[in-house]
Amino acid sequence: MKDEQKHIHLHQLSDQEPIKTGELSGISLKKDRRGFLRQGALAAMGVALGAKMVFAKNLPLGMIPVGLTPSDEVLNLPGKDAGLIVLNDKPINAETPADLLDDALTPNELFFVRNNGLPPENVDVNTWTLTIEGESASQKKTYTLAELKQKFAHHTYHLTLECGGNGRKEFNPPAKGNQWSTGAVGCASWTGVRLKDVLEDVGIRSNAVYVAYYGKDTHISGDPKKVVISRGVPVAKALEEENLIAWAMNGKDIPMLNGYPLRLVIGGYPASCSGKWLSKIVIRNQVHDGPKMTGQSYRVPCKPVAPGTQVEDKDMCIIESMPVKSLITFPKSGATIKKGQRLPIRGHAWTSATKISKVECSIDFGASWQSCELQPGNNRYAWQSFSTKLDFPTDGYYEVWARATDVDGNAQPMLLPGWNPRGYLNNACHRIAIKVVAG
Ligand SMILES: Nc1nc2c(c(=O)[nH]1)N[C@H]1C(S)=C(S)[C@@H](COP(=O)(O)O)O[C@H]1N2
Ligand SMILES: [Mo]
């Protein structure tokens, strides 16, 4: 059944809402959960066909052009690049291969997707509201999207989002959950209002402890009463000026899968704190206890444990920062160069501290390191791009490793960091393979 969902079937458009000609301008190939094409699909098919469909408006509803060979490469996640690696399609989880993260800012189509439930359907921006309440809110207040935009100053920050489980795949014994490789990370330019400004407009009582979100996605069970995920951050963290209630990503609408029309963006913490399809924020007088805040979720052993150890819930601590990390985005692992050629290297480094202080590369499995050029970040929690050129002494197989160090003196481990039951926080040095051939 799963495989079948990935293929386009002829005539399956017919049970979807009618496609209006006015909607043919979108280029994203939209597919609903059952794998059917939706509005916007026709234009995308034109792209896939390599030519504009001249009489598109005459194409009978539900019919797919014969020139389009249905294939997994063509049938994409809505609004997403076909190069993303889909780990799970219900809920959708997709990561970005390292070489597709080469841009200074991650394009919307390439930004990873980590859904715990099912995105809301039929989102109407005109009726979307955000409610702030909670034991430690001075009042309960609801804003429409238009009111948020009109009432508060707009801010734009470059903010890196990384799933707490990014790199989970490498842990041994393995941890349950999405087997993320290196690509559950991206850095975009986000625009919105400051979380802080909105919280202060509502009023924060002095006993406030935590600020948490609720979103409009639905539980995988379909039960409308079940909350998918509701996480938060300590009040002091919530009040940092870079935290946004955002409606734009790289100057465009946030893609549906990344939280359209409104989401939280909180840098430096696991991306699970950045609530998508944001509809409610609660100011709590205690550590938030929503789904995925408690038990073993987004928690690591308070003290290091041996690999494979079972750790009781009471000995697990909430992840409160993401570790220093870097990624080589050029060349793609496996690249071949000729002996005597210099190899350009590019990538990004990020940290929950204020800045990265250096990035170094090694071609000898970490025996020696040479420093890379490092760009300043646009702001705190933005990733910083690095580059260098490497010489290789002779032909053969090499690995290029990158290691970032932040201003607090934290550096990436060459091998795996501390094992933990759920496989969080793997910030080991990224490695790519390079073949140098003679002649
Ligand atoms: N409402 C809602 N918000 C959510 C999630 C979710 O499933 N539902 N997933 C969280 C997790 S675990 C991560 S890593 C990030 C992923 O953001 P992205 O899909 O935009 O990359 O969103 C977070 N916010
Ligand atoms: Mo996540």
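Which residues are linked with K237 in a network of salt bridges? In this predicted model, the network consists of K237, E240, E242 and R380. Across the structure, the count of salt bridges comes to 17, and a few of the individual pairs are described below.

K141 and D201 form one of these contacts, with their closest N and O atoms 3.0 Å apart. The pair links distant parts of the chain, since K141 lies in strand β5 (residues 141-144) and D201 in helix α4 (residues 195-202), 60 residues apart. K141 is partly exposed, at 22% relative accessible area, and D201 is also partly exposed, at 24%.

Helix α4 holds another pair as well: K196 and E200 are four residues apart there, which means that about one helical turn separates them. Their side chains meet in a salt bridge, 3.9 Å from N to O. K196 has a relative accessible area of 25% and is partly exposed; E200, at 45%, also counts as partly exposed.

A further salt bridge joins D289 and R284, at 2.9 Å from N to O. Is R284 buried or exposed? R284 is buried, because its relative accessible area is 10% and the cut-off for buried is under 20%.

Turning to the strands, an open sheet of four has the order β16-β18-β22-β21, and its pairing is antiparallel. β16 (325-330) and β21 (373-374) are the edge strands, each pairing on one side only. β21 is joined to β22 (residues 384-390) by two bridges, and these strands run antiparallel. L374 has F386 in β22 as its bridge partner.

Notes:
Residues are numbered from 1 along each chain as its sequence is written. Chains are lettered from A and ligands numbered from 1 in the order in which they are written. This is a predicted model: local features need pLDDT of at least 70, side-chain atom pairs count only at pLDDT 80 or more; totals for chains, interfaces and linings use all residues. Side-chain values use heavy atoms; hydrogens and water are left out. Two strands pair if DSSP finds at least two bridges between them. A salt bridge is a side-chain nitrogen of Lys or Arg within 4 Å of a carboxyl oxygen of Asp or Glu. Buried means under 20% relative accessible area, exposed over 50%, partly exposed in between (1.4 Å probe, protein chains only).
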